[in-house]
Amino acid sequence: MPNKLPLPSPCPPFTIELTTSLPLSLSLSLSLSPQLWLKGFMASLGSQALKPSGDVNEGVPSDQTVLQKHVAFFDRNQDGIVYPWENFQGCRAIGCSLLVSTASAIVVNLAFSQKTRPGKFPSLLFPIEVKNIHRAKHGSDTGVYDTEGRFVPPKFEEIFSKHARTNADGLTGEELDGMLKANRVPKNFTGWFAAYVEWKILYSLCKDKNGLMHKDTLRAFYDGSLFEKLEQERASALKKA
């Protein structure tokens, strides 16, 4: 009777150190059979490929909303609190005048401080807590931020589908005025004023030579990356002067 040949042993488990940008982790240490590892790896790639592109909420830390990221620029020491002098410094950094920066530091911090500090005793330093900035949302706005401070893409697109007439990817000053009027909630005078001031400052800083405020610029405004760009441009201009 012929000798039986020994059967090959199953492939043993092994450990792979993988550094990747996949959503589950930046560094995965897997102890799996090669077949299972490959199957899981391909599935992860597939799920990543299915993510919609252009979502402003992507790239934002899981513990930070887009609205928080927008406000965080003015938190100059990144301690989670925006004081009036930090607000002033942030405004100056993006090119606002001395008058506008001073007014913003006073009005914004005075209006938003206690709203973002529920249950706490009022502070004469008027700090704004970044983590609670969604509590300071005012009426008569575009609705691009939801009640939790997350970005709402359909509302962003609505700005242009409803109000952009001259150029589908931008707003003129006249079209901006039309949008502000259309967003007004009856008798919400505080919201009217806040929206008017915010948008007029933004328009003065970001319009091009033809008086158009572009869609890409406005998207960057909502996630806060516009502020960093304006600060860099201003710093560069001051160096050349």
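This is a predicted model: local features need pLDDT of at least 70, side-chain atom pairs count only at pLDDT 80 or more; totals for chains, interfaces and linings use all residues.

Guide: The buried residues of α4 are S101, S104, A105, N109 and F112. Buried here means that under 20% of the relative accessible area is left. An α-helix has 3.6 residues a turn, so residues three or four places apart point the same way. With that in mind, look at where the buried residues of α4 make their contacts: they pack against β3 (81-82), α3 (84-93) and β4 (128-129). α4 covers residues 98-112, which is 15 residues. At 1.5 Å a residue the helix should span 21 Å, and its end C-alpha atoms are 21 Å apart, so the two values agree.

Helix α8, residues 215-223, is another part to look at. It is largely enclosed by the rest of the structure, because 7 of its 9 residues are buried. These are K215, T217, L218, A220, F221, Y222 and D223. They pack against several elements, among them α2 (66-72), α5 (153-163), α7 (189-206) and α9 (225-240). The strands β5 (170-171) and β6 (213-214) are also packed against by the buried residues of α8. Just after α8 comes G224, with a positive phi of about 90 degrees.

The structure holds 1 cavity of 30 Å³ or more, and the largest cavity has a volume of about 50 Å³. Its lining is made by S140, L180, R184, W192, A195 and Y196. α7 gives the most to this lining, with 3 residues. By class, the lining has 4 nonpolar, 1 polar and 1 charged residues.

Note on methods:
Residues are numbered from 1 along each chain as its sequence is written. Side-chain values use heavy atoms; hydrogens and water are left out. Buried means under 20% relative accessible area, exposed over 50%, partly exposed in between (1.4 Å probe, protein chains only). Helices (H or I, at least four residues) and strands (E, at least two) are DSSP runs, numbered from the N terminus. Contact means heavy atoms within 4.5 Å. The expected span of a helix is 1.5 Å times one less than its number of residues. On a 1 Å grid over the protein atoms alone, a cavity is a set of points where a 1.4 Å probe fits but cannot get out, and a pocket is an open set with protein on both sides within 12 Å along at least five of seven lines; lining residues have an atom within 4 Å of a point. Grid points are joined across faces, edges and corners, and a volume is the space filled by probe spheres set on the points. Ala, Val, Leu, Ile, Met, Phe, Trp, Tyr, Cys and Pro count as nonpolar, Asp, Glu, Lys and Arg as charged, and the others, Gly among them, as polar.
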